[in-house]
Amino acid sequence: MWAELLPVGRSASSGGYRRFAWDSADAECRAWFEEQARSRGLDYELDRNGNQWAWLGDPAAGGAVVTGSHLDSVPDGGAYDGPLGVVSSFAALDELRSRGAELRKPLAIVNFGDEEGARFGVACIGSRLTAGVLDKEAAYELRDADGVRLPDAMEKAGYDPAAIGADGDRLARIGAFVELHVEQGRYLTEDRPVGVASAIWPHGRWRFDFHGEANHAGTTRIEDRRDPMLTYANTVLAARKKAKLAGALATFGKVAVEPNGTNAIASLVRGWLDSRAADEETLAALIGEIERAAAERAERDGVRVELTRESYTPVVDFDGPLRDRLARRLGRDGAPGGVPVLPTGAGHDAGILASAVPTAMLFVRNPSGVSHSPAEHAETADCLAGVAALADVLEDLACQ
């Protein structure tokens, strides 16, 4: 399975992945998922929001145990973020069957669409729509960098955008959702290849628009310039400093410049901030400080600043009884101290669904700590340990 997925959407120049919602690479990944489902005799289903499901047992029976993740990527992302969870889910099902496990509850594997938000700027679109966190009207307004609207992209890919929206009936059938994911960071030690998530930090995306005045780079006096690039650069540095002082994270990872000419002073610099913190109060205070720093510098530079919050996810505490059950199951044969239970600063579909169904996450050790990069990696032995752990968890949840 891993070998089949590796070439899909991979850039020859960067070695990273470019699997964006509703594009050709995404279509190839979706075809792969469907083939994996049908080859195992599972009932394949596409829901109203374009998420893919593979069912073993009757979904209508209720109390279903669901696992899975996503197959899309950030621009030039790594191979493991998302796909490891989907591949491991099919492998865990194979392991359960090899054990002769008898299911007492329906079991499903899911591939959520557009988790990374690389194309339309909002993360976890498939799960947000399903949970009603993103409504149809707001989704219809989303556009990619080329101005293509989300519903138009879906329709071009052969899906019906008229059907998107909250899917409460589907969520009501789910008794538990467990997502396996490659660790994003470096906290799991060599003798602890698998961990359990405790919570997801609150996080969001903010767009800063710095409006200046276009002019000639070679003839405009320094004192006559209204250069938004200076304000942007100062804001980037301020964000880093203030985040460090707050024990939080703030990253400007995307920027657009107009008119984007080498010999032109910019008229507009648009920068996207990703920020995360251990609690919502700290995050709100941090964004306020960054906004004030931008406004103060803008006044000096003769620039106007606009701030728009594009997405926000509050703190997510995973279901306590489910989290503890996973930790007990995986820690009973482990080293003294049990299985590691740790928080994460990254958002996931499991976090979006947590408000509607009991959710939990497993992490597989990442020795480099690198993620959202071609250098993202997990050792084969650790991946197999993750599959075994997921199979143990699914057996405990679906066969008892």
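This is a predicted model: local features need pLDDT of at least 70, side-chain atom pairs count only at pLDDT 80 or more; totals for chains, interfaces and linings use all residues.
Me: How much space lies in the second largest pocket?
Reply: About 240 Å³. Of its 13 lining residues, Trp2, Leu84, Val87, Cys383 and Leu384 are the closest to the centre.

Me: Which helices supply at least two residues each of that lining?
Reply: α3 (83–99) and α12 (380–398) do.

Me: And how does the lining divide, nonpolar, polar and charged?
Reply: There are 10 nonpolar residues, two polar and one charged.

Me: OK, at what angle do α3 and α12 pack?
Reply: About 60 degrees, and their axes are 8 Å apart. The two helices are therefore oblique to each other.

Me: Is the crossing left-handed or right-handed?
Reply: The crossing of α3 and α12 is right-handed.

Me: Which residues meet there?
Reply: On the α3 side they include Leu84, Ser88 and Arg99, and on the α12 side Cys383, Val387 and Glu395 are among them. The residues of this contact divide into 10 nonpolar, two polar and four charged.

Me: New topic. How many cavities of 30 Å³ or more are there?
Reply: Two. The largest holds about 80 Å³ of space, and the closest of its 13 lining residues to the centre are Trp22, Arg30, Asn49, Gly113 and Asp114.

Me: Which helix gives the largest share of that lining?
Reply: α4, with three residues. By class, the lining of the largest cavity has six nonpolar, four polar and three charged residues.

Me: What volume does the second largest cavity have?
Reply: About 50 Å³. Its lining includes Cys124, His203 and His348, and it divides into five nonpolar, five polar and one charged.

Notes:
Residues are numbered from 1 along each chain as its sequence is written. Side-chain values use heavy atoms; hydrogens and water are left out. On a 1 Å grid over the protein atoms alone, a cavity is a set of points where a 1.4 Å probe fits but cannot get out, and a pocket is an open set with protein on both sides within 12 Å along at least five of seven lines; lining residues have an atom within 4 Å of a point. Grid points are joined across faces, edges and corners, and a volume is the space filled by probe spheres set on the points. Helices (H or I, at least four residues) and strands (E, at least two) are DSSP runs, numbered from the N terminus. Ala, Val, Leu, Ile, Met, Phe, Trp, Tyr, Cys and Pro count as nonpolar, Asp, Glu, Lys and Arg as charged, and the others, Gly among them, as polar. Axes are lines fitted to C-alpha atoms, for helices over the stretch in contact, and angles run from 0 to 180 degrees between N-to-C directions. Angles under 35 degrees count as roughly parallel, over 145 as roughly antiparallel, 65 to 115 as roughly perpendicular and the rest as oblique. A crossing is left-handed if the near helix is turned anticlockwise from the far one by less than a right angle, and right-handed if clockwise. Contact means heavy atoms within 4.5 Å.
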